[in-house]
Amino acid sequence: MNDNQIREKIKPGIKVQIVLKKDQPTGILTTGIVKDILTHSANHHRGIKVRLKDGQIGRVQVILTDDAANTVQKEKSIVVIKKALIDDLYEIQKLHFKLCVQEKNLGNNILNSDFSLSLAGANFFKEKIENEFVYVAKTNGNVIGFVCASKLNNKPWYNKNVAEIISIYVKESYRKKGIGTSLLNKAKDYYNNINIPNILLTMPIKDVSCLEFYKDNDFISCYNTLIYTASYKHI
């Protein structure tokens with residue numbers, strides 16, 4: 001579970017970035033100093049609700065250390081979660097390439113990382129941007145993370161409406177800041193609003209931290225995906 005979701009990690013006087021209710025559709029973050037903690041439970045999957053010193057109320061997405069706060073103030077950077085545009089296509093392809101390399105290093109040898117930056121890869125993500133669900137996390141105009149999902153129309157044996165997270169990735173230097181959670185929440189809200197309350201995803205079985213991340217975001221482990229690769233001997 002991320003620190004922004006744990007009540008005891010939030011103290012009056014610390015600097016945070018929150019998402020205001022009016023900014024939930026865009027993911028725009030507001031920076032300020034915590035005055036009051038409004039969440040009474042020990043944790044909350046969307047972030048602890050607080051009131052800032054200026055009176056604004058929202059859920060904490062990022063806890064800023066002194067160094068991080070200085071960086072944000074210096075660069076005036078905010079993280080925005082928004083629907084992907086065709087202009088974001090190449091940046092999404094590059095992040096997908098990094099995701100494929102990461103998963104291949106964890107043992108998934110059937111992944112073709114060349115696909116990400118190919119014309120076929122561009123056409124794949126272009127279709128998803130235009131017809132399915134692709135959101136990006138951006139700061140200072142740069143894409144630092146994305147999530148791509150789609151409805152599962154080709155598995156009629158499921159007895160409920162189901163969507164699938166095809167890919168989700170956040171640049172390593174921006175992890176553990178609530179960005180991955182914000183991307184997942186966009187997907188949850190989007191599909192729930194169109195009566196698809198169930199979302200599947202697959203992940204590398206060796207990636208323990210990734211598994212904990214998904215569990216913290218209310219996903220449950222129900223089965224493993226196994227891979228068999230035949231070895232051919234030429235006679």
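Predicted model: local features only at pLDDT ≥ 70, side-chain atom pairs only at ≥ 80, totals over all residues.
**Notebook: strands, sheets and a pocket**

I began with strand β3, where I found D36 standing opposite R51. Residues are numbered from 1 along each chain as its sequence is written, and side-chain values use heavy atoms, with hydrogens and water left out.

I then looked up the strands around that pair: β2 (residues 30-37) and β3 (residues 49-52) run antiparallel and are joined by three bridges, two strands counting as paired if DSSP finds at least two bridges between them. Both belong to a closed barrel of four strands, β1-β2-β3-β4, in which the pairing is antiparallel. From one strand to the next I read an average twist of 70°, the axes being lines fitted to C-alpha atoms and the angles running from 0 to 180 degrees between N-to-C directions.

Next came an open sheet of five strands in the order β5-β6-β7-β8-β9, whose pairing is mixed. Because β5 and β9 (198-200) stand at its edges with a single partner strand each, one side of each is left without a neighbour in the sheet. Neighbouring strands here are turned against each other by 25° on average, direction ignored. Within this sheet I followed β7 (residues 142-151) and β8 (residues 162-170), which run antiparallel and are joined by seven bridges, and I noted that A149 has I165 in β8 as its bridge partner.

I also examined the second largest pocket, which holds about 470 Å³ of space. Its lining has 21 residues, and Q24, R46, N185, K186 and D189 lie nearest its centre. Two or more lining residues come from each of β4 (57-64), β5 (79-83) and α4 (179-193), and α4 gives the largest share, seven residues. A pocket is an open set of points on a 1 Å grid where a 1.4 Å probe fits, with protein on both sides within 12 Å along at least five of seven lines, and lining residues have an atom within 4 Å of a point; the volume is the space filled by probe spheres set on the points.

Last, I checked confidence, and the protein averages a pLDDT (0 to 100 for each residue) of 86, with 92% of the residues scoring at least 70. Helix α3 (residues 119-131) has the highest mean, 96, whereas helix α1 (residues 66-75) has the lowest, 45.

Definitions and conventions. pLDDT = per-residue confidence, 0-100.
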